[in-house]
Amino acid sequence: MIPIPLNDDREFNNPDGFAMAFDPAWKKCLKQGELDDKSVEEKIETVILRLNDHPFVQSEPEQARQVARFRVRLLDL
């Protein structure tokens with residue numbers, strides 16, 4: 001079995017890869033107060049702007065927003 005590093009910094013151009021980047025970015029924005037007094041859509045846009053260099057955001061921006069909305073609902077963020 002090949003060991004998989006826990007802190008893997010690779011970015012994948014797919015919905016799962018984006019979700020893996022979105023969750024910690026959301027938490028970081030929340031911790032820094034960047035999401036205070038914003039609607040859910042504004043919060044999502046704030047996080048996506050932070051991830052604007054992610055390959056999935058660049059190639060599939062609307063699908064990235066759909067994944068972000070799903071993550072927010074799923075995790076009750």
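Here is a short walk through this structure, from its overall layout to a few individual residues. The model is a predicted one, in which local features need pLDDT of at least 70 and side-chain atom pairs count only at pLDDT 80 or more, while totals for chains, interfaces and linings use all residues. Residues are numbered from 1 along each chain as its sequence is written, and side-chain values use heavy atoms, leaving out hydrogens and water.

Let us start with the whole chain. The protein chain has 4 helices and 0 strands, and its elements run α-α-α-α from the N terminus on. Helices (H or I, at least four residues) and strands (E, at least two) are DSSP runs, numbered from the N terminus. Of the 77 residues, 31% count as buried; buried means under 20% relative accessible area, exposed over 50%, and partly exposed in between, with a 1.4 Å probe and protein chains only. The accessible surface comes to about 5,600 Å², and 53% of this belongs to carbon and sulfur atoms. Accessible areas come from the Shrake-Rupley method with a 1.4 Å probe, and for residues only the protein chains shown count as cover.

The largest nonpolar core has 18 residues, and Phe-18, Phe-22, Trp-26, Val-47 and Leu-51 touch the most other members. Helix 1 (15–31), helix 2, helix 3 (55–59) and helix 4 each supply at least two residues of this core, with the largest share, 7 residues, coming from helix 1. Such a core is a set of buried Ala, Val, Leu, Ile, Met, Phe, Trp, Tyr and Cys residues joined through side-chain atoms within 4.5 Å.

Helix 1 deserves a look of its own. Its 17 residues should span 24 Å at 1.5 Å a residue, and this agrees with its end C-alpha atoms, which are 24 Å apart; the expected span is 1.5 Å times one less than the number of residues. The buried residues of helix 1 include Gly-17, Ala-21 and Asp-23, and the buried residues of this helix pack against helix 2, helix 3 and helix 4. After helix 1 comes Gly-33, with a positive phi near 80°.

Contact here means heavy atoms within 4.5 Å, and the contacts named below leave aside neighbours within four places in sequence. Val-47 is in contact with Phe-22, Ala-25, Trp-26, Cys-29 and Leu-35. Thr-46, in helix 2 (residues 40–50), counts as buried because its relative accessibility is 13%; among its contacts are Cys-29 and Lys-38.

In helix 3 we find Val-57, buried with a relative accessible area of 9%. Val-57 touches Phe-18, Ile-48, Leu-51, Asn-52 and Ala-64. Although Val-57 and Asn-14 are 43 residues apart in sequence, they are 9.2 Å apart in space, C-alpha to C-alpha.

Finally, the end of the chain. Arg-71 belongs to helix 4 (residues 61–75) and, at 17% relative accessibility, counts as buried. Arg-71 is in contact with Ala-19, Phe-22, Asp-23, Asp-76 and Leu-77. Leu-77 itself sits in the segment after helix 4 and is partly exposed, at 38% relative accessibility.
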